[in-house]
Amino acid sequence: MMVQIDMRSEVRAAIASVDDPEYPGLSIVDLGLLESFEVEPEGVVQVGLIPTFSGCPALAMIAQDVVDAVEEVEGVSSASVSWLRSPTWSAERLTQHAQETLADEFTVAVQIGQKAPVCPLCGSATTELSMFGPSRCRSVSRCKNCSETVEVLRA
Amino acid sequence: MTDSTTHSTIDFLLTFADDEHLMGQQHTEWIGITPFLEEDLAFSSIGQDELGHAVMLYELVLELQGIEATDTAIDELAYRRTDEEYRSSAFVEYSTEDWAQALVRHWIYDTVEEQRWNMVAESSLQPLREVSVRAGREEVYHRRHANALLDSLLTSDAARQKLLDALEVLTPLVPSLLAPAPSEQAALNDGVVGGSSAALDSLLVEAIQDRFGVEVSFATIDQPPQARLTRSEHFAPLIGRMREVLDYDPEASW
């Protein structure tokens, strides 16, 4: 029994070791992409992920990274990834650590609900400049206080 | 599901998916040549969303056909059918002549698309309901974008005239977009979709009146019977461009 629990936590750690290709150093688990995973008898692992948005071009890459990482775990015979239709990703799924890393390492703010995102540099409110940005999941805002142009991660 | 239900559902989904696919493709063709950088970013993102919606709908089609939705299978469905097997509208097949047409088409298309997702929000097909939640959320940005840009452009006389000219060119194509899937009645009966395409007509007439201050009528425009079963003259060159890279090396793995 103990062995199985250990294996489950090792599989989870392996999934968490995969970074989002857009944010090297930030785990897909912290970004809220992991919805579920099952460790079946014989060491077959099935991972359920959700995409941040439907047309994300990085899905195949992320799935392959997860398969590679999980298959490294001792006792795992094979791993597969399914992209789930439900639930729908939203910025509420980001962990506190993810929000801090985005702000500190990438100067990226986060749009949660309708609230104006906060400037990662000075903590002031921002206004939206463009609802689209350098990639599909980012818009562009400007800080009302320090005038910094800020990318905003959003659904 | 019975065989005939599956068949009509697939046909209904393909009609939606093909419009999404070709609209997404058309948006991508403006990347790099829009009037300003923000629009390049917007059209690449919006185009990416529409292609993403098309993929989700093609996946549903493949699942109903009992085929595993691999990338290869999706590409086969998206790019390799015969002209007659597509269900796209002349409205999305049309290659725009200028930016004003692209912008007005974006606004009209997303006005209709938002309603289409609403119409499947309560679908009897559970995965379609799930897809509509994600797509509906993305659609909010498309509508906001088109409206924000039009709000600003319609205050200038020169821009307003260009937009109205574009609307005049696009209006005769709108009935093709509103034309139902050949199987729409069956899809309605089965609860796959909760509203008919015909309901979109008056809604769009009203939206155009509010947006552009112009009265249009689609009912008087001649339309081929079963418009969804025929392709317009713009389809062949468009699908040719779409297949160009695939045809260059059919065996390549992407």
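**Exercise 1. Which domains does the domain assignment of chain A give?**

Solution. The assignment gives domain 1 (2-83) and domain 2 (91-153). These bounds come from an automatic or database domain assignment. This is a predicted model: local features need pLDDT of at least 70, side-chain atom pairs count only at pLDDT 80 or more, and totals for chains, interfaces and linings use all residues. Residues are numbered from 1 along each chain as its sequence is written, while chains are lettered from A and ligands numbered from 1 in the order in which they are written.

Next, the spacing. The C-alpha centres of domain 1 and domain 2 of chain A lie 27 Å apart. Then count contacts (C-beta atoms, placed from the backbone, within 7 Å). In chain A, 11 residues of domain 1 are in contact with 12 residues of domain 2. On the domain 1 side, five are nonpolar, four polar and two charged. Here Ala, Val, Leu, Ile, Met, Phe, Trp, Tyr, Cys and Pro are nonpolar; Asp, Glu, Lys and Arg are charged; the others, Gly among them, are polar.

**Exercise 2. Work out the strand order of the open sheet in chain A, then find its edges.**

Solution. Helices (H or I, at least four residues) and strands (E, at least two) are DSSP runs, numbered from the N terminus. Strands pair if DSSP finds at least two bridges between them. The order is 6-9-8-7, with mixed pairing. Strand 6 (108-110) and strand 7 (126-130) of chain A each have a single partner strand, so one side of each lacks a neighbour in the sheet.

Now take one pair. Strand 7 and strand 8 (residues 138-143) of chain A run antiparallel over four bridges. A:S130 stands opposite A:V140 in strand 8 of chain A.

**Exercise 3. Describe the secondary structure of chain B and the side that touches chain A.**

Solution. Chain B has 11 helices and zero strands. For the interface, 21 residues of chain B are in contact with 12 residues of chain A. Helix 2 (37-65) and helix 6 (126-153) of chain B each supply at least two residues of that chain B side. Helix 6 of chain B gives the most, with 11 residues. The chain B side divides into nine nonpolar, five polar and seven charged residues.

Conventions:
Two residues are in contact if their C-beta atoms, placed from the backbone, lie within 7 Å.
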